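Let's take a walk through this protein together, starting with the whole chain and ending at a single residue. Keep the viewer open as you read.

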Amino acid sequence: MSQFDYPRINFAGQASVSPCTANNVNEAPMVFYDPVSVKAITPPRVFLSGGKLKPPFTLEDLEKALPAGSLHQEGAEVFFTIDPIKDKPSFDEWVITPLGQCALDAAYYQAYAMIPAPVMGDDESLMGAIPGYWNYFGDESFTFMNVKVLSVALPDQNGEQVYGEEDKGLPEELTALIGANLLMDEAYMVDITPSTSSFTQIFCKSMSLQKDKEVFFSGTPLKGNLRTINLSRIVNEQMPQSGSGDIFTVIPISQLDETNNSPIIRLFEKFADPSQTLKGLFIRYNLFENEEIRPFDYLKNGKVPNPAKLQIAGSISPWYKGEMKSIGLGRQLVYHQALVGTTFIPPLMTRTDYEQKIFHVDLFNGVPESHQDDGSYEVFPLGTVEFRLQLDNGVEKPLGRLNIGPNAFNRSENIQRSGIVAFPLNISREEGQSGRIGLYLINDDGTATRIMDEDDYTLFTDQSAIYADAGDDPYYGYHSYSGEKERCRLRVMYRGEPVQERVPFTLVEFAVKQQASIMSSSIFRHTYYKDKDIVTFPTDQAANAVYLFLPGHTWQVPQMNFAAIFITGYVVHLRVLPMGDYGRYLDPLDPQYPTPVTFEVLYEEIFKAYDFAYPIMGNIIPFTKEKYDNAKMAKILVERVALNNWGNHRYMPVTRELSDNQRALIQKWAEPFLNPE
């Protein structure tokens, strides 16, 4: 149950994120990086998906506007190539210049004006778009800034009591935590499917909680997982400024510097639930109020990073045996009716704790805000909401009521308690299992509008972001947290309790196509699952795919766009890396073996993609023969790409896009430098 457990240590501050945006393919249908083949595309391509052009232009108009020989068709794919952008020098100039301003591709200006660009706006064309997007020189870094403990929550007869700096009654040992600094050292943010940006992972060297000279804990967390996304948190902004998301991670006791003797563990052993087996720390935090400079003027500011600044708020609580490591389980509510003009409301996790008689709700990611005229943010005046249990016989029982707005449950209160509210629970387990929880908006006339419903069946997995190589046997699992493969195990619940007999689910596949310029959707599988079942996904060929689990059997592809995956979060993201044909370098049975692995081979097969799509790598150490062909670099590279470092913050590449045979290619290249004859 995790974020709902006690003691809950609430913190808040700021964060800086600097993702490299070239691999996001945000200017689709124009692409210069293919996340499926993990290749740079030179010259860049502009796809004509379905022949769609901006009105009133026709395909004939486009053909007349394009230079001769630049329009192509490969199978069903029709595209034109931007032929002057054919090498690294021309690409470096073009990628940071708004389309329509670079002299190199002047012959394509008319064509750009005919191509619709969804990311630029409904009525916009590619003209003016910056190919490298808003942070082309980002280094994937993720940094906490001035993050401090604000309060500590403990249970009481009214649900819970949240103790801040000025409040009395908190035990002295816990009072010492107020004002402590939460630090994160050497952390990197990685999207498993970069063209969708729908599942972010955080790989981190260490996290620590310190105050003056006292260290409450220091240790290495497992990979962080972005689980719950709100596309419309800021109701008067557009994505990405409007968005927010919850990230979950854990630090096992074994990965704390002092293990069981860590001060935080001693505190938890004293104040946490003595009936539970403590496994470590459960950490969840929300990133919100995103401030980005876009479009970014590289011509004026130079080839520099343009990190985004965000607010962060979250909590630290005990992590117990049997709990998940990437999300807190409970009873999840999903939107029934959109509020205040938003696209949808994100799922809300609740918990009915029958032992402590508390009903918990994690509201943080779901409370809407508005951007004020003075630049500040405040909770949108939603009004009074009420949680109710609707029994299967139609009887409704109130669970808790809250007034959400600037003068009630406002932004400050939301942050102070990290969004978790608790109400006394006055129902039995039998009653709880005999009904569904709903969220109602209380209207001015006293009537109620049901806006969220509990999903009877929920499905989650700790392996929501998994990697494999093309041709791997999925039976043996995938890489998710480390270099060791693990199987994808489901947690299937019915109204908060494990499902013991299999129930029907439909899997919908969203797959990246046409070199990330479009995404297709189709029904992938009809099947049945129960709690702790194992699920596999195809690894026969390279892929970027997202699988959405829908309770029940659906026989037609639902009319939904990709944003549907955020409504419930019942998803698995799959990255299958391509396996190149390297037999002549690696396979003694190949007739061309042993062809030497030169730096030029490495650059073409591996480094080129990063040189174009992740330029910060080449800025630190240029991808040149002079820099790489030596024993020192060979040793560093072999160590950093080793599979046993896969879950480490220093693993290369940080994007986790290196296949096994590419790793073997690097090792083969390094042999003459590390073991000279």
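Two residues are in contact when they have heavy atoms within 4.5 Å of each other. In this predicted model, take the contacts in the protein chain between residues at least 6 apart in sequence: 72% of them join residues at least 24 apart.

Now zoom out to the chain as a whole. Its secondary structure comes to 15 helices and 33 strands. The radius of gyration is 26 Å, close to the 26 Å that the globule rule gives for 677 residues, so the chain is as compact as a globular protein of that length. Along the principal axes, the C-alpha atoms fill a box of roughly 75 × 65 × 50 Å. Of the 677 residues, 57% count as buried. The accessible surface comes to about 27,800 Å², and carbon and sulfur atoms account for 49% of that area.

Next, look inside. The largest nonpolar core has 70 residues, and those touching the most other members are Leu62, Phe80, Ile82, Trp94, Phe607 and Trp669. Helix H11 (residues 599–613) gives this core its largest share, 10 residues. Apart from this core lies another, of 59 residues, including Phe11, Val17, Leu278 and Leu287.

Why is S3 described as largely enclosed by the rest of the structure? Buried means under 20% relative accessible area, and 7 of the 9 residues of S3 are buried, so the strand is largely enclosed. S3 runs antiparallel to strand S2 (residues 30–34), with 4 bridges joining the two.

Finally, move along to Thr539, in the loop between strand S31 (534–535) and strand S32 (543–551). Is Thr539 buried or exposed? Its relative accessible area is 4%, so Thr539 is buried. Not counting residues up to four places away in sequence, Thr539 touches Ala468, Asp469, Ala470, Gly471, Asp472, Pro474, Tyr478 and Val576.

Note on methods. Residues numbered from 1 in each chain as written. Predicted model: local features only at pLDDT ≥ 70, side-chain atom pairs only at ≥ 80, totals over all residues. Heavy atoms only, no water. Buried < 20%, exposed > 50% of the residue type's maximum accessible area, 1.4 Å probe, protein only. Core = buried A, V, L, I, M, F, W, Y, C linked by side-chain atoms within 4.5 Å. Pairing = 2+ DSSP bridges. Rg over C-alpha atoms; globule rule 2.2 N^0.38 Å. Areas by Shrake-Rupley, 256 points an atom, 1.4 Å probe, with all protein chains shown as cover.
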